[in-house]
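Trainee: I would like to learn how to read a fold from its coordinates, going from the whole chain down to a single residue. Could we take the features one by one?

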Amino acid sequence: MPRYEFRCRACGDTFEVNRPMAEAGAPADCPQGHADTVKLLSTVAVTGRGAGAVPGNAPTAPAGGGCCGGGCGC
């Protein structure tokens, strides 16, 4: 079930709520009982290995130097 992050405008508390995606836009009261909250835009953290990942077979950085890794020859 997705977790949504909210911030209370009254007390400044930040809290999380687990709810179905169908209820993502529903308001949430803060743990202190205030109703004036706003849903925050959160980053997504993905962990684990995807299908087909081979341990120890990480992509390598391009050779060269410069400000952009050497790809443009600067």
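Trainee: To what value does the accessible surface of the protein come, and what percentage of it belongs to carbon and sulfur atoms?

Mentor: Accessible areas are calculated by the Shrake-Rupley method with a 1.4 Å probe, and for residues only the protein chains shown count as cover. Here the accessible surface comes to about 5800 Å², with 54% belonging to carbon and sulfur atoms. Keep in mind that this is a predicted model, in which local features need pLDDT of at least 70 and side-chain atom pairs count only at pLDDT 80 or more, while totals for chains, interfaces and linings use all residues. Residues are numbered from 1 along each chain as its sequence is written, and side-chain values use heavy atoms, with hydrogens and water left out.

Trainee: What percentage of the residues count as buried?

Mentor: A residue is buried under 20% relative accessible area, exposed over 50% and partly exposed in between (1.4 Å probe, protein chains only). Of the 74 residues of this protein, 14% count as buried.

Trainee: How many helices and strands does the secondary structure come to?

Mentor: Both are DSSP runs numbered from the N terminus, helices being H or I with at least four residues and strands E with at least two. This protein has zero helices and three strands, and along the sequence the pattern reads β-β-β.

Trainee: In what order do the three strands form the sheet?

Mentor: Strands of a sheet pair through backbone hydrogen bonds, either parallel or antiparallel, and two strands are taken as paired if DSSP finds at least two bridges between them. In this case the sheet is open, the order is β2-β1-β3 and the pairing is antiparallel. The edge strands, each pairing on one side only, are β2 (14-18) and β3. Strand β1 (residues 3-8) is joined to β2 by five bridges, and Tyr 4 has Val 17 in β2 as its bridge partner.

Trainee: Which residues form the aromatic pair, and is it stacked or edge-to-face?

Mentor: Rings of Phe, Tyr and Trp (its six-membered ring) pair if their centres lie within 6.5 Å; planes under 30 degrees apart count as stacked, over 60 as edge-to-face and the rest as tilted. The whole structure has one such pair. Phe 6 and Phe 15 are stacked, at 5.7 Å centre to centre with 15° between the planes, and both residues are buried.

Trainee: Is Thr 37 buried or exposed?

Mentor: Thr 37, in strand β3 (residues 37-39), is buried, because its relative accessible area is 16%.
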